[in-house]
Amino acid sequence: MAAIAQVKSRRPSLQLPVWKALLLSLPMLLISSFLWVPNLSGAGDSLALIAGIIALLGINTIFFFMLYTGKTDRYRAVMFIIIAIALPMDFIPWMIKTYGSMMLTDEIVYSGGASFCPLTMPMILIPALVKRVIIFPGELLPTMAHGAFSLMFIIWVAASLSVGMGWCSWVCLYGGWDEFFSRLRRKPLIKNIDRRWIYLPFGMLLAIVVLSAITFTPIYCEWFCPFKIATEFQAPVNLLTSIQVGIFVVLFIGLVVVLPILTRRRVQCGLFCPFGALQSFLNKINIFEVRVDLDKCSECKQCLRTCPTFSLDESSLKSGKTLITCTKCSKCIDGCPKGAAYYHIKGTSLKASPQTARILFVYAGFVLMLIFGGEIVNALYRIFKLITTGSML
Amino acid sequence: MKYIKSFLGYSIAVVCILISIMVGPMIGLLAEPFIKTTGLRLSPNYDGGEVRQTIDHAAYQTLVHRMVFDNTLIGERKEGFVQVEWAPLAALPAHIDEEVDVNGDNQADFRLVVDTANKQSVLTPYSSWVQELEGTYRFKNSMAVRVRLKNPAR
Amino acid sequence: MIQGFLLGLANGTTCLVFCIPVLVPFLLGEGKSVPNNLVTLSKFLGGRLGGYLLFGLLAWATGNFLSGAAGLQIPAYAIAYIGLAILLLTVGLRAPAPPASACVVKSAPAALRRWPALLPFGMGFLAGLKICPPMLLAFTGAANSGSLLGSLLLFLAFFLGTSIYFIPLSFLGAFARLPDLRIVGRFAAVIVALYYLFSGILMFAGGV
């Protein structure tokens with residue numbers, strides 16, 4: 001134990017001096033204020049303003065500690081989990097207030113009232129290209145629903161350019177659930193997972209893209225998405241829709257709750273989600289990546305054992321790289337006893353400052369978190385409403 | 001060359017941060033031009049397709065959408081539907097009794113009797129390819145009925 | 001046609017799995033350059049296309065027969081869907097090597113060996129004739145199309161969709177990625193199988 005402590009204390013750290021961390025946090029304070037304050041000042045409700053100020057201070061504190069401690073993954077995960085929990089706390093009351101329940105009826109579907117989710121992107125692309133139609137019962141422009149296609153599409157393109165596969169650890173509205181349950185146990189109960197399962201998201205991607213194009217319906221949304229439990233789902237009015245509800249409940253419990261607890265890995269994200277598979281292809285055009293310095297690496301394989309999305313294997317480690325499924329969560333970077341793993345900007349020297357690359361990437365990722373991070377403000381506001389009026393609606 | 005690549009790398013990284021910052025404020029400005037330029041529209045399976053015919057009544061209108069047999073194929077499905085809508089909701093009478101021509105041949109293809117208060121409808125088909133009633137729906141500003149059809153062209 | 005192409009794209013890895021035991025030893029055994037491999041591959045694919053078009057003709061004839069027997073239509077398509085699902089599940093859940101009996105090409109007729117230039121064409125033709133899961137899928141789609149031209153075009157598009165996966169073979173270096181591709185294909189086969197199994201059962205049940 002003493003030896004481990006000694007090694008850990010010798011480990012090169014990404015920690016910053018307080019003054020430097022404060023200085024580097026200031027732009028984030030300005031950016032977050034610039035992005036959020038216009039919405040808050042238009043709210044016209046003092047509770048909303050208080051919720052906004054608390055959220056603003058909270059996220060900037062998280063960002064400061066992320067820079068100061070050098071522990072990117074720990075603080076990223078906190079923010080990621082908070083956003084995932086905030087989403088249903090805001091979305092479900094909104095559904096109940098607008099439609100009377102969180103269940104989608106045919107009337108809501110045929111009036112384009114379903115909220116558009118970014119996870120539908122793989123399915124809608126071919127029909128959109130071939131027939132210029134969007135095969136999802138949502139709005140194209142934001143008028144009524146919580147999220148419109150045009151907004152989600154633009155966010156998706158921007159995030160893909162900016163952070164690539166980093167979407168899955170920095171932007172995704174749902175990944176925080178997987179992240180949360182994967183951190184509950186100190187040690188995994190299931191350690192050996194057949195590596196062939198990492199191909200399931202790609203098989204899923206192929207299958208849903210083709211089936212959606214053939215059937216003209218969003219197959220993943222109708223049959224496979226476990227996160228409908230946190231947002232909206234088709235009302236179980238007949239055998240078919242009842243089966244669909246049963247499937248997503250089972251998938252949520254299995255892939256998002258039980259297996260992440262048992263394996264300490266993000267099973268839904270790493271072994272099932274087809275959107276992640278799509279993002280991993282787009283990752284090729286992203287400037288940020290995670291590398292391993294082979295001079296420092298002691299081949300302890302701690303990173304292989306802990307990577308939440310199975311994005312490191314023996315051969316990739318030997319070449320000092322991660323697999324295309326790397327979500328740039330920084331768990332390997334923070335956990336490496338030799339400080340061998342690091343963020344890197346493509347084109348720059350492999351010996352270039354890892355701290356610079358880390359700060360630049362963390363800025364890109366954290367700012368994108370703020371887009372959906374608005375859910376934190378809404379969720380806080382609803383909690384205050386619950387306390388003061390007895391209702392979250 | 002090494003320095004050029006390095007310079008480009010850092011520059012693109014900074015651009016990535018700028019994209020992240022600007023996407024929020026720019027969404028509102030980009031959304032409408034994006035939809036207009038691309039000509040994207042909602043699948044007719046959801047919005048009922050384009051309105052083919054509008055029939056004026058005293059206080060309300062009947063909107064007969066086109067028959068929908070859409071597919072990603074070049075071609076049509078064997079089965080589909082047609083949506084008939086009445087708007088505005090507030091001006092609708094308690095009962096609507098209307099014969100509808102969906103294929104534009106000036107011959108009624110079916111008759112609909114709609115109880116707008118109770119959201120109930122009765123369908124009387126006149127053509128063999130008119131199958132059954134799918135459902136009666138009350139939207140924000142209109143009432144609609146979907147009728148299942150067999151594709152008369154197939 | 002787009003449906004045929006997409007079906008081919010979705011299931012092309014399965015076609016690759018069935019055809020590789022035949023084609024790859026041939027290409028490796030010949031030990032020729034990439035351009036020569038491309039020529040051989042083209043002949044093989046040409047033969048496959050011939051087999052597929054013949055299948056398209058059969059599919060149209062079957063569809064024609066069924067359209068005159070209205071009571072048989074739905075059960076026939078339901079059985080086809082369920083049969084397809086079972087075949088796809090077999091591909092997805094068992095080991096990649098196909099059973100010898102499923103691959104007709106293994107016993108290339110002696111006549112072909114007399115004309116070496118025709119050998120890849122003949123192998124491809126026979127490979128195109130065997131009933132692997134993607135073929136059954138395309139068969140049901142083609143039988144449903146109602147016209148001979150539609151049926152042939154669907155199989156042509158299906159052939160194009162599957163052939164994309166064969167192109168890297170001419171470089172042989174693509175072997176390094178093949179195990180990954182096969183696993184992805186197997187997973188996709190199982191998922192598509194579940195969809196068609198459910199659709200077939202629904203057809204029998206007369207909907208929900």
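This is a predicted model: local features need pLDDT of at least 70, side-chain atom pairs count only at pLDDT 80 or more; totals for chains, interfaces and linings use all residues.
Colleague: What share of chain B is buried, and what makes a residue count as buried?

Modeller: The share is 31% of the 154 residues. Each of these residues has 20 or more other C-beta atoms within 10 Å of its own.

Colleague: What part of the contacts in chain B links residues 24 or more positions apart?

Modeller: Among contacts with a separation of 6 or more, that part is 42%.

Colleague: Which elements make up chain B, and in what order?

Modeller: There are 2 helices and 9 strands. From the N terminus the order is α-β-α-β-β-β-β-β-β-β-β.

Colleague: What makes strand 5 and strand 7 of chain B edge strands?

Modeller: Strand 5 (95-100) and strand 7 (120-125) each pair on one side only. They belong to an open sheet of 3 strands in the order 5-6-7, with antiparallel pairing. The twist from one strand to the next averages 10°. Strand 6 (residues 110-115) of chain B is joined to strand 7 by 6 bridges, and V113(B) stands opposite V122(B).

Colleague: Which strands of chain B form the open sheet of 5 strands, and which are its edge strands?

Modeller: The order is 2-3-4-9-8, again with antiparallel pairing. Strand 2 (51-56) and strand 8 (130-138) are the edge strands. Neighbouring strands are turned by 20° against each other on average, direction ignored.

Colleague: How do you know that strand 8 and strand 9 of chain B pair?

Modeller: At least two bridges are required, and 7 bridges join strand 8 to strand 9 (residues 143-150), so the two strands pair. They run antiparallel. One of the partners in strand 9 is R148(B), which bridges to E132(B).

Colleague: How many residues does each side give to the contact of chain A with chain B, and what classes are found on the side of chain A?

Modeller: Chain A gives 44 residues and chain B gives 38. Helix 7 of chain A has the largest share of its side, 7 residues. That side has 32 nonpolar, 7 polar and 5 charged residues.

Colleague: And how many residues form the contact of chain A with chain C?

Modeller: There are 16 residues from chain A and 14 from chain C. Helix 10 of chain A supplies 10 residues, the largest share of its side. By class, the side of chain A holds 13 nonpolar, 2 polar and 1 charged residues.

Colleague: Which residues have the most contacts inside the largest nonpolar core?

Modeller: They are I83(A) and V192(C), in a core of 188 residues. Helix 18 (residues 354-389) of chain A gives the most to this core, 18 residues.

Key. Residues are numbered from 1 along each chain as its sequence is written. Chains are lettered from A and ligands numbered from 1 in the order in which they are written. Helices (H or I, at least four residues) and strands (E, at least two) are DSSP runs, numbered from the N terminus. A residue is buried if 20 or more other C-beta atoms lie within 10 Å of its own, exposed if 12 or fewer, and partly exposed in between; C-beta atoms are placed from the backbone. Two residues are in contact if their C-beta atoms, placed from the backbone, lie within 7 Å. A nonpolar core is a set of buried Ala, Val, Leu, Ile, Met, Phe, Trp, Tyr and Cys residues joined through C-beta atoms within 7 Å. Ala, Val, Leu, Ile, Met, Phe, Trp, Tyr, Cys and Pro count as nonpolar, Asp, Glu, Lys and Arg as charged, and the others, Gly among them, as polar. Axes are lines fitted to C-alpha atoms, for helices over the stretch in contact, and angles run from 0 to 180 degrees between N-to-C directions.
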